[in-house]
Every structure is written in structure tokens, then in C-alpha cells.
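Me: Please take a close look at one part of the structure shown below, namely the ligand surroundings. A connected account with the cut-offs stated would be appreciated.

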Amino acid sequence: MTTKIAIFGVGLIGGSLALCFKGKEGLTVVGHAHRPESATKYLNRGVVDQATLSLEEAALDADYIFLCVPVGRLEDYLQQLSKLPLKPGCIITDVGSTKASIAACALTLDLPGVHFIGGHPMAGSERSGVEAASSLLFENAYYVLTPPPGVPEAAYQALESLLLHTRAQIVRLEPERHDEIVGAISHLPHIIAVALVNQIQAYDNSDSLYSTLAAGGFRDITRIASSDPIIWRDILLNNRSVMLRLLKDWNDEVASFIHLLESGDGEGIESAFHEANHFRSQLPERRKGMIAPLFDLHIDVPDHPGIIGRIATELGDQGINLSNVQIIESREDVPGIMRLSFRQENDMERAKVLLQENDYTVYM
Ligand SMILES: NC(=O)c1ccc[n+]([C@@H]2O[C@H](COP(=O)([O-])OP(=O)(O)OC[C@H]3O[C@@H](n4cnc5c(N)ncnc54)[C@H](O)[C@@H]3O)[C@@H](O)[C@H]2O)c1
Ligand SMILES: O=C(O)C(=O)C[C@]1(C(=O)O)C=C[C@@H](O)C=C1
């Protein structure tokens with residue numbers, strides 16, 4: 001007897017979940033596709049064990065159903081599922097970036113013997129589609145679950161146990177509180193990134209030096225502006241009342257900067273930066289969290305071909321595990337900064353000593 005997991009919408013998130021479960025003992029993963037070419041793609045990429053276009057075939061004997069479609073489609077799928085004779089004890093969950101409306105929808109539906117528990121993995125990317133899926137996406141991230149009152153603890157525990165395969169850390173939250181908080185730390189930044197890019201694009205239309213000179217700062221703050229338009233249309237419209245409130249607060253923040261500049265208040269500007277720096281430095285950067293739990297070192301590097309390979313080899317020779325390397329601000333003939341990321345603090349400390357011994361300037 002295997003445990004059957006049905007995934008509706010095998011894109012970035014659904015595909016990543018499928019990869020976490022596929023191949024694990026006792027689990028079979030079935031992907032539901034709404035287009036024939038998608039079903040073939042899921043199979044060709046080896047993300048699922050089976051793929052089907054039939055809602056019934058995917059759902060009827062499933063033990064777990066994951067709804068991983070855009071937020072605007074979630075309620076429709078849940079309604080369709082509620083009309084099927086699902087397996088008794090089946091757990092339906094979703095991964096939508098908003099939680100209040102789907103939780104409210106589930107409460108209105110008759111789901112006899114079946115349990116709905118909302119979910120939201122706090123990990124993702126500006127990329128989308130099954131091509132971007134990764135079994136490592138959720139590792140060390142938080143994964144919010146929003147069980148409705150009255151859901152049996154055993155069902156909650158079963159879902160939590162299954163999600164161990166993602167290596168995420170589960171957080172239990174009320175849906176409304178989720179939407180307030182995630183509205184502020186995820187949805188608002190996406191709006192700001194998009195508005196900023198569009199503002200600069202308008203300047204760039206009359207002077208292309210804007211995009212030519214756009215460097216690290218602009219890229220750092222705007223990566224998420226490349227996120228999928230349909231996914232984000234749905235999220236923002238769904239969390240509309242929270243977003244409108246947050247945007248009014250954002251306007252106050254902008255107004256306060258306008259005031260600091262109009263009044264030439266240098267101290268005020270300094271203190272805004274100090275305050276932000278202090279709060280940001282306390283974010284759980286080095287533990288589990290929405291900011292990748294990596295230990296970073298920065299070093300000055302000359303603009304030499306092969307420099308990445310040389311440093312990686314020096315670290316590798318000492319058995320120091322490097323997780324990621326990135327060159328920041330590298331231009332011809334100008335020294336750049338290299339960011340070296342490590343999974344283990346101990347690796348970072350050893351790398352620091354080694355690099356300093358080799359005369360690199362190292363910043364933490
Ligand atoms: N992108 C992120 O960073 C992120 C993170 C956490 C949660 N989420 C949530 O996960 C869900 C999926 O997002 P994603 O980033 O994986 O998107 P995606 O575009 O990569 O995947 C969406 C999947 O849904 C399918 N789909 C699209 N439109 C559909 C429709 N009309 N009917 C049926 N299926 C349809 C697509 O074929 C695709 O397989 C969304 O609800 C999103 O809010 C996204
Ligand atoms: O890292 C990113 O690109 C993301 O946008 C991930 C992110 C976020 O804002 O943190 C985006 C949407 C989610 O629902 C959860 C996580």
C-alpha cells in the first residue's frame with residue numbers, strides 16, 4: 001500500500017513539492033495537468049510518477065491533495081473536489097500565498113471525512129513553471145500551516161509528518177494573521193520592486209544611461225519585480241484590503257523621507273538608516289528564515305580570469321564546503337567583490353582564516 005499524493009498545478013511550488021516526495025519509500029506522486037503538453041512535460045522531467053488530465057483520476061484515491069495553482073484558481077479546485085467521493089481521511093492542502101479566503105471557502109464546503117488544512121511555504125523565486133522546481137527549495141524555510149478550528153490533531157500531525165520531506169520548519173498560524181504579516185513582508189516588497197522598476201523604466205525611455213548604469217543596489221532590490229504577473233495579480237487582488245492599508249503606511253514612509261529632504265535633516269536621514277540597519281541585522285539571517293540561511297563572507301578580488309576557480313580550489317583543498325559564489329559589481333579592470341556563501345558557520349570561519357592568510361581582504 002502506497003500513500004498517494006496528488007499535486008494540482010505542477011509549477012515552481014507544486015513541482016518542488018513533487019520532487020521532495022518522489023522516490024521516497026511508500027509515496028507515489030501524481031501530477032494533475034490542465035493541458036496535455038503539461039502532463040508530458042511533468043513526466044519527461046521526471047518530477048512526478050504519473051500525470052493525468054483527469055481531476056477524478058488524480059483525486060479519487062489520493063491520501064493527500066496539494067493545490068498549487070494560482071491563488072485565483074484555488075477556490076474553484078476546492079469546490080470541484082468537494083463534489084467528489086474522496087478517500088475518507090484524505091487531507092487537502094494548498095500552497096497559496098494568501099490564506100484567509102481559501103480558509104473561509106473551505107468552511108462553507110461540505111467535506112465529509114476529508115480535512116482541509118491551508119498551507120504556505122515561505123520560499124520561492126521570481127522564476128515560475130516546473131522548469132524552476134527544485135527539491136531543495138524549502139530546505140530551512142518556514143512553512144505556514146493554518147488548520148481550521150476542529151480539524152483533528154491526527155490529520156494535522158499527518159500533514160506535518162509528510163512535510164518533513166521538504167525539510168522546512170512548520171509554523172502554525174491563523175489565516176488572517178498570516179495575510180497581515182505576509183502582506184507586509186512579501187506582498188508589499190513585490191509592489192515596491194515593480195513600482196521602482198517601472199519608475200526607472202520611464203526615465204530610461206528618454207535616456208538609456210539609466211539602465212546602463214543600474215548596478216548592484218538596483219538589482220538587489222528589484223529581483224522580485226521579475227515574478228510571474230498572473231501569480232502576483234491573484235495574490236494582490238486576494239489580499240487587497242490588507243495591501244491598501246499597507247500602501248497607506250508606505251505613503252507615510254515616503255512622505256517622511258520627503259520631509260527629511262525638504263528640511264535638509266541630515267540627522268534624521270542618518271537615524272533612518274541606523275534604525276533600518278539595526279532591525280535588518282537582527283533578521284534570522286543565519287538561522288532558518290525567509291532570508292537564505294547561509295553564512296556569507298565578502299572579499300575584494302582582482303579582475304582576473306579564473307579567480308573563482310582558484311579560490312574554490314583553495315577552499316576545496318582544505319575540505320571547506322562552499323555553497324555558493326557570486327561576483328558583485330565586477331567591471332573590466334576594476335576590482336570586484338566576491339560573495340562566498342557557506343552552509344556551516346564553521347566552514348565560513350575556516351575560510352576567513354585561510355583567505356586572510358592568503359592576503360585577501362575579507363569582510364563579514
Ligand atoms: N512563486 C513563489 O515564490 C511562491 C511561493 C510560495 C507560494 N506560492 C504560491 O504557489 C502557487 C503556485 O505558484 P508558482 O509560483 O508555483 O506558480 P507556477 O506558475 O510556477 O505554477 C502554477 C501551476 O498552476 C498551473 N496553472 C496555471 N493556471 C492554471 C489554471 N488556470 N488552472 C489550472 N492550473 C493552472 C500551471 O500549469 C502551473 O503548473 C500560487 O498559489 C502562489 O501564490 C508561490
Ligand atoms: O524569493 C522570492 O523570490 C520570493 O518572492 C519568495 C516569496 C517571498 O516574498 O518571500 C514570494 C511569495 C511567497 O508566497 C513566498 C515567498
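Reply: In this predicted model, 16 residues of domain 1 are in contact with 15 residues of domain 2, where contact means heavy atoms within 4.5 Å. The model is a prediction in which local features need pLDDT of at least 70 and side-chain atom pairs count only at pLDDT 80 or more, while totals for chains, interfaces and linings use all residues; side-chain values use heavy atoms, with hydrogens and water left out. Residues are numbered from 1 along each chain as its sequence is written, and chains are lettered from A and ligands numbered from 1 in the order in which they are written.

The domain assignment of the protein chain gives domain 1 (3-173), domain 2 (178-262) and domain 3 (295-363); such bounds come from an automatic or database assignment. The centres of domain 1 and domain 2, taken over C-alpha atoms, are separated by 30 Å.

The residues around ligand 2 are Ser97, His120, Met122, Ala123, Gly124, Ser125, Glu126, Ser186, His190, Arg223, Ile224 and Trp232, a residue being counted if one of its heavy atoms lies within 4 Å. By class, this shell around ligand 2 has four nonpolar, six polar and two charged residues. In that scheme Ala, Val, Leu, Ile, Met, Phe, Trp, Tyr, Cys and Pro count as nonpolar, Asp, Glu, Lys and Arg as charged, and the others, Gly among them, as polar.

The side chain of His120 places an N or O atom 2.5 Å from an oxygen atom of ligand 2. For Ser97, the distance from a side-chain N or O atom to an oxygen atom of ligand 2 is 2.7 Å, and a polar side-chain atom of Arg223 lies 2.8 Å from an oxygen atom of ligand 2. Taken alone, ligand 2 exposes 370 Å², of which the protein buries 83%; accessible areas come from the Shrake-Rupley method with a 1.4 Å probe.

Ser97 also takes part in the surroundings of ligand 1: 25 residues surround ligand 1, and the closest are Leu12, Ile13, Val69, Ser97 and Gly129. An N or O atom in the side chain of Ser97 is 2.7 Å from an oxygen atom of ligand 1. Backbone atoms contribute as well, with an N or O atom of Leu12 at 2.8 Å from an oxygen atom of ligand 1 and a backbone N or O atom of Gly11 at 3.3 Å from an oxygen atom of ligand 1. Ligand 1 on its own exposes 810 Å², and the protein buries 85% of that.

Two or more residues of the shell around ligand 1 come from each of α1 (12-21), α4 (71-82), β6 (115-121) and α10 (229-238); helices (H or I, at least four residues) and strands (E, at least two) are DSSP runs numbered from the N terminus. Among the elements, α4 gives the most to this shell around ligand 1, with three residues. The shell around ligand 1 divides into 14 nonpolar, ten polar and one charged residue.

Note on methods: A polar contact is a pair of N or O atoms within 3.5 Å; within protein, one must be able to donate a hydrogen and the other to accept it, and residues adjacent in sequence count only if both atoms are side-chain atoms.
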